[in-house]
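Please read them with the coordinates open.

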Amino acid sequence: MIDEVTEKNALKFSTLRVLLVFAFLILWARTASGQCENPVTRFGPGEEVTYHAYYNWGFVWINAGAVTFAIDNSSWKGKNAWHISSYGASYKAYDLFFKVRDSLDVWVDPSSLQPFEFHRRTNEGSYTAHHHYLFDADKQKVNASISKRGKAYRDTTFTWPECSFDLLSMVYHARNIDFSRYKEGDRIPINMIVDGDVHNLYIRYIGKELVKDRSGREFRCLKFSPLLVEGTIFEEGEKMFVWVTDDKNRIPIIVEAKILVGSVKAVFVNARGLKSPMEAEIKVD
């Protein structure tokens, strides 16, 4: 019984991280093979974006932790690379109830964002896991090694479909795609590699709205609703909503979703090192 409760609590905070990942996926479409090779124009090394993660308990929104995404210059087996990372942690006050220290790391080709190697390390309460992927571009295969709950690693190899990315490299590939070709109500198909499997999903474009962050700053945003995977902690269907800046950066401002018990929300805090000005923000004179 204790293990079941621990796992449910782990899933609650894991949901907050997944929200942030989906937040960046909303612009990614595999409408043509050329879309996978777009020049990288929206971001670069030195960018860092931070969010607060909230969990709804009854009528109260609890600020449970923070998540940061960052890009740095690096190398991978002698090749020039970008190291893209995401780190999520619960606050010390929340640690007393449930401690979280999660990280995602991927090394990618700076010109195409094609991933070389991916790590996902999960430490949530008593639950631990490590997902490791090595991408073989020549054979279009992914060599995966996965360990959960401290058990032995499970090694597997699966096909790497065209325009498919791990969670984190897709996050950034998503922001680099031209979205002007879509209209309200359109479904945008996506391929995402999670837990050693390729998931075929879609995202529905809803329209444009003005939204505010927790500090009262107002932004012009594009709104989307992704299809959620059946069998996860999320309620099945289009019950997640994402608002991203309607400018060159495509920075998520708010991500909100219902889960089996309560709701979760990720809210923009700040960004530095952006390649373009945050033109979507409405300045007050």
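The points below run from the whole chain to single contacts.

1. Ground rules. This is a predicted model, in which local features need pLDDT of at least 70, side-chain atom pairs count only at pLDDT 80 or more, and totals for chains, interfaces and linings use all residues. Residues are numbered from 1 along each chain as its sequence is written, and side-chain values use heavy atoms, with hydrogens and water left out.

2. Overall make-up. The protein chain has three helices and 16 strands. Helices (H or I, at least four residues) and strands (E, at least two) are DSSP runs, numbered from the N terminus. Of the 285 residues, 53% are buried. Buried means under 20% relative accessible area, exposed over 50%, partly exposed in between (1.4 Å probe, protein chains only). The accessible surface comes to about 13400 Å², and carbon and sulfur atoms own 51% of that. Areas come from the Shrake-Rupley method with a 1.4 Å probe; for residues, only the protein chains shown count as cover.

3. Contact range. Take contacts between residues at least 6 apart in sequence: 53% of them join residues at least 24 apart. Contact means heavy atoms within 4.5 Å.

4. Cores. The largest nonpolar core has 33 residues, and Leu168, Tyr172 and Phe268 touch the most other members. A nonpolar core is a set of buried Ala, Val, Leu, Ile, Met, Phe, Trp, Tyr and Cys residues joined through side-chain atoms within 4.5 Å. Leaving out residues up to four places away in sequence, Phe268 touches a list that includes Val49, Tyr51, Arg217, Phe219, Ile251 and Met278. There is also a second, separate core of 19 residues, with Tyr55, Tyr205, Met240 and Ala266 among them.

5. Aromatic pairs. The structure holds twelve. Rings of Phe, Tyr and Trp (its six-membered ring) pair if their centres lie within 6.5 Å; planes under 30 degrees apart count as stacked, over 60 as edge-to-face and the rest as tilted. Trp76 and Phe116 are stacked, at 5.0 Å centre to centre and 15° between the planes. Trp76 sits in strand E2 (residues 60-76) and Phe116 in strand E5 (residues 115-124), so this pair ties together parts that are 40 residues apart in sequence. Both Trp76 and Phe116 are buried.

6. Why do Phe118 and Tyr133 count as stacked? Their ring centres are 5.2 Å apart and their planes lie at 25°, so the pair is stacked. Phe118 belongs to strand E5 and Tyr133 to strand E6 (residues 127-136), so parts 15 residues apart in sequence are tied together. Phe118 and Tyr133 are both buried. Ring pairs link Phe118, Tyr133, Phe135, Phe158 and Trp160 into a cluster.

7. Backbone points to check. Most residues other than glycine have a negative phi. Leu113, not a glycine, has a positive phi of about 65°. Leu113 is in the loop between strand E4 (101-108) and E5, and is buried at a relative accessible area of 1%. Arg250, also not a glycine, has a positive phi of about 55°. Arg250 lies in the loop between strand E13 (240-245) and strand E14 (252-258), buried at 11%.

8. Salt bridges. The count is eight. The rule is a side-chain nitrogen of Lys or Arg within 4 Å of a carboxyl oxygen of Asp or Glu. Lys208 bridges to Asp246, with the closest N and O atoms 3.4 Å apart. This pair links Lys208 in strand E11 (residues 197-212) to Asp246 in the loop between E13 and E14, 38 residues apart. Lys208 is exposed at 59%; Asp246 is partly exposed at 27%.

9. Arg217 bridges to Glu281, with the closest N and O atoms 2.9 Å apart. Arg217 is in the loop between E11 and E12 and Glu281 in strand E16 (residues 281-282), 64 residues apart. Arg217 is partly exposed at 29%, whereas Glu281 is buried at 13%. Bridges that share partners join Arg217, Glu281 and Lys283 into one network.

10. Surface patch. Trp57, Phe59, Val60 and Ile62 make a nonpolar surface patch of about 510 Å². Patches are made of residues with over 30% relative accessible area and no salt bridge: like charges are joined within 9 Å, nonpolar side chains (Val, Leu, Ile, Met, Phe, Trp, Tyr) within 5 Å. Trp57 is in strand E1 (residues 48-57) and is exposed at 53% relative accessible area.
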